[in-house]
Amino acid sequence: MTVDKTDKPARVSPRGAATRSALLKAAAQVFRTVGFAKAGVSEVVSVAGASVGSLYHHFTGKADLYIALYEEFQQRQQERTHQAVREARASGESDPTRLMNIAAHAYLLGCIEERETARLFFSGDGPPGFDYQLRSRLTQWTDRNVALFRKADEPVDEALLIVVSGSMLLAVAEVVRRDDADAHRLADEITGLLTELEPRNRLRD
């Protein structure tokens, strides 16, 4: 089984949307309680007060539920980081290193705020192939933010991209395991270190 997202009909009735939302909410609860590997479709539909048929109308199975939850989480994370950068720019911040720091910090704070949800995706207990997808998505997210470092004519610094994305992956795994005070302290320290990174070609200038 792969974790590729299956396309669904674009138009969903209000009742269908409510059922889908209930199934996702139930899946999140079940996955948090027993883990993805031990969770069953029957448990999800029982918690949701839905039928097995309705689940398979909206999703292909529990892996599809898991991926849908991740996509929703990632969308909220995108909104958090974009909002943080917009606010910083509106306040006059234009330094690319600071903007990268602000985006990374907002991402980590979102993981702390949704600690239980973030743990679902950074615990290693997901569908086959999800770890690779998680790394790929975080690398894509990092690439968009590392772009803040470079000028239009500068090439992508692949080493910098790997270092930042790898650091963020490990950082999330750590902050979601800690209490609020310790998690916020660690998020501040990690993103502070990220501000000291520079593309190698710029260091040679």
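Leu138 sits in helix α7, which spans residues 130–146. Helices here are DSSP runs of H or I with at least four residues, strands are E runs of at least two, and both are numbered from the N terminus. This is a predicted model: local features need pLDDT of at least 70, side-chain atom pairs count only at pLDDT 80 or more, and totals for chains, interfaces and linings use all residues. Residues are numbered from 1 along each chain as its sequence is written, and side-chain values use heavy atoms, with hydrogens and water left out.

Is Leu138 buried or exposed? Leu138 is buried, at a relative accessible area of 2%. Buried means under 20% relative accessible area, exposed means over 50%, and partly exposed lies in between (1.4 Å probe, protein chains only). Which residues does Leu138 touch, apart from neighbours within four places in sequence? They are Tyr107, Ser165, Met168 and Leu169. Contact means heavy atoms within 4.5 Å. Val164 is 26 residues from Leu138 along the chain, and their C-alpha atoms are separated by 9.6 Å.

Now turn to helix α2, residues 41–48. Val41, Val44, Val45 and Ala48 are its buried residues. Viewed down the axis of α2, these buried residues fall within an arc of 90°, so they line one face of the helix. The arc is taken over the directions from the helix axis to the C-beta atoms. Ser42 and Ser46 are exposed, on the face of α2 turned away from the buried side. What covers the buried residues of α2? The cover includes α1 (14–34), α3 (52–58) and α4 (62–90). Gly49 follows α2, and its phi is positive, near 70°.

A record touches this stretch too. The unreviewed UniProt entry annotates residues 40–59 as "DNA-binding region". UniProt positions are given in the numbering used here, feature names are shortened, and annotations may be inferred rather than shown by experiment. Over residues 40–59 the chain is 75% helix and 0% strand. The end C-alpha atoms of that segment are 14 Å apart.

Step back to the whole chain. It has ten helices and zero strands. Of its 205 residues, 42% count as buried. Take the contacts between residues at least 6 apart in sequence: 74% of them join residues at least 24 apart. The chain exposes about 11,100 Å², with carbon and sulfur atoms supplying 52% of it. Accessible areas come from the Shrake-Rupley method with a 1.4 Å probe; for residues, only the protein chains shown count as cover.
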